[in-house]
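Please keep the structure in view while reading.

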Amino acid sequence: MKYFFLTLIFILSFKSQASVPMTYFYHPPESPLDVRYNYHWSILKSALDVTQKKYGEYEMKASVFMTEDRQVRELLKRESKLNTMIRETSVEFEKKFLPVRIPIDRNLIGYRVLLINKKDRELFKNVNTLEDLKKLSFGQGAGWGDVEILKAAGLNVVTEVYYDKIFENLRSGQFTAFPRSVTEVQEEFDKRKDKMPELMIEESILLYYPLPTYFWFPATEEGKRLRARVKEGMEMIIANGEFDKLFDQHYRAKITNLKIRKRKFFRIDNPMLPSSVTQQKKQFWVDLNNF
């Protein structure tokens with residue numbers, strides 16, 4: 001009889017838990033012009049949709065505005081306004097948080113073209129080596145993973161806390177270029193070209209550093225549960241083709257328009273990569289020969 005009641009309590013507890021929607025609190029855009037993560041959240045939504053039979057209903061709720069530094073701090077708190085984060089992987093992050101080790105954008109974010117001021121256009125025609133790049137200065141967001149990667153390569157980096165202000169600082173000449181992912185640059189440029197006609201997408205350079213970007217969750221029991229569902233869901237949408245469909249819808253035309261295979265290619269190492277990256281399946285990484 002004792003075991004019967006224990007089993008009954010477990011079943012009722014499980015049903016009660018399953019009836020409560022799993023809630024994913026995510027970081028909203030940093031401004032009305034910030035569309036960097038629209039694709040990523042569409043991947044999350046698809047992963048949660050396909051797992052409803054097993055895990056039940058879910059909610060995706062935007063938290064308050066946060067810089068990337070604050071997102072990290074929030075994910076470490078016991079009582080947090082955030083439980084789902086998109087960031088590049090690093091040895092430090094893998095010690096603190098729970099990742100789904102599937103690169104959301106197939107590592108495409110590591111391929112960078114440059115936003116520049118039109119007045120500096122001629123400077124880049126003479127860039128042929130990494131040493132030439134070291135003579136220039138590059139803007140980045142404070143706390144972004146790219147900062148230490150670029151510095152480790154010997155590049156001069158100027159940081160700014162607020163995302164929108166980085167574009168303003170490029171416009172005013174505080175640095176020479178703003179490296180942007182091939183997934184981001186076209187929309188960022190299009191949304192600002194009328195108010196910032198001085199800016200342009202540089203046409204000859206492609207910078208690359210490995211930068212797998214994951215969904216991250218708190219290192220808690222709830223974090224484990226949130227991660228498990230997303231991992232299963234991502235594996236399911238990869239298997240059924242939805243992942244590739246969303247990837248192509250958001251990125252293929254943008255990448256093709258940048259003519260990345262015709263650009264001068266510069267590879268930079270990422271000293272912050274954890275060893276787990278080398279164990280990833282090749283299918284998770286983009287093949288630029290397909291563009």
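In this predicted model, helix H2, which spans residues 38–49, packs against helix H11, which spans residues 221–239. Two packed helices are described by the angle between their axes and the distance between the axes. For H2 and H11, the angle is about 95° and the axes lie 8 Å apart. Angles from 65 to 115 degrees count as roughly perpendicular, and H2 and H11 are therefore roughly perpendicular to each other. On the side of H2, the contact is made by Ile43, Leu44, Ser46, Ala47 and Leu48, while H11 contributes Arg229, Val230, Gly233, Met234 and Ile237.

Ile237 belongs to helix H11. Is Ile237 buried or exposed? Its relative accessible area is 0%, and since buried means under 20%, Ile237 is buried. Leaving aside residues up to four places away in sequence, Ile237 touches Ile43, Ser46, Ala47, Val50, Glu242 and Phe243. Asp164, by contrast, is 33 Å from Ile237 in space, C-alpha to C-alpha, and 73 residues from it in sequence.

The next topic is charge. Side chains of opposite charge can pair when their charged atoms come close. How many salt bridges are found in the whole structure? A search finds 31. One of them joins the side chains of Glu88 and Arg87, with a distance of 3.1 Å from N to O. Both Glu88 and Arg87 are buried. A further salt bridge connects Arg180 with Glu184, whose closest N and O atoms are 3.0 Å apart. Arg180 and Glu184 are both buried as well. Salt bridges can also share partners: in this way Glu30, Asp34, Arg36, Glu68, Arg87 and Glu88 are joined into one network.

Another salt bridge is formed by Arg171 and Glu198, with 3.0 Å between the closest N and O atoms. This pair links distant parts of the chain, as Arg171 lies in helix H9 and Glu198 in the loop between helix H10 (185–192) and strand S9 (199–201), 27 residues apart. Residues count as partly exposed when their relative accessible area lies between the limits of 20% for buried and 50% for exposed. Arg171, at 35%, is therefore partly exposed, and so is Glu198, at 30%.

Helix H9 also holds Asn169. Because its relative accessibility is 7%, Asn169 counts as buried. When residues up to four places away in sequence are not counted, Asn169 touches Glu160, Gln174 and Phe175.

Val161 lies in the loop between strand S7 (156–160) and helix H9 (163–171). With a relative accessible area of 43%, Val161 is partly exposed. Together with Phe65 and Tyr162, Val161 forms a nonpolar patch on the surface, and the accessible area of these residues together is about 290 Å².

The final topic is the backbone. Most residues other than glycine have a negative phi, and most peptide bonds are trans. Arg106, although not a glycine, has a positive phi of about 60°. Asn107 is not a glycine either, and its phi is positive at about 65°. Where is Arg106 found? Arg106 is in the loop between strand S4 (97–100) and strand S5 (111–117), and Asn107 likewise lies in the loop between S4 and S5. Arg106 is buried, with a relative accessible area of 15%, and Asn107 counts as buried at 1%.

Technical notes. Residues are numbered from 1 along each chain as its sequence is written. This is a predicted model: local features need pLDDT of at least 70, side-chain atom pairs count only at pLDDT 80 or more; totals for chains, interfaces and linings use all residues. Side-chain values use heavy atoms; hydrogens and water are left out. Patches are made of residues with over 30% relative accessible area and no salt bridge: like charges are joined within 9 Å, nonpolar side chains (Val, Leu, Ile, Met, Phe, Trp, Tyr) within 5 Å. Accessible areas come from the Shrake-Rupley method with a 1.4 Å probe; for residues, only the protein chains shown count as cover. A salt bridge is a side-chain nitrogen of Lys or Arg within 4 Å of a carboxyl oxygen of Asp or Glu. Helices (H or I, at least four residues) and strands (E, at least two) are DSSP runs, numbered from the N terminus. Buried means under 20% relative accessible area, exposed over 50%, partly exposed in between (1.4 Å probe, protein chains only). Axes are lines fitted to C-alpha atoms, for helices over the stretch in contact, and angles run from 0 to 180 degrees between N-to-C directions. Angles under 35 degrees count as roughly parallel, over 145 as roughly antiparallel, 65 to 115 as roughly perpendicular and the rest as oblique. Contact means heavy atoms within 4.5 Å.
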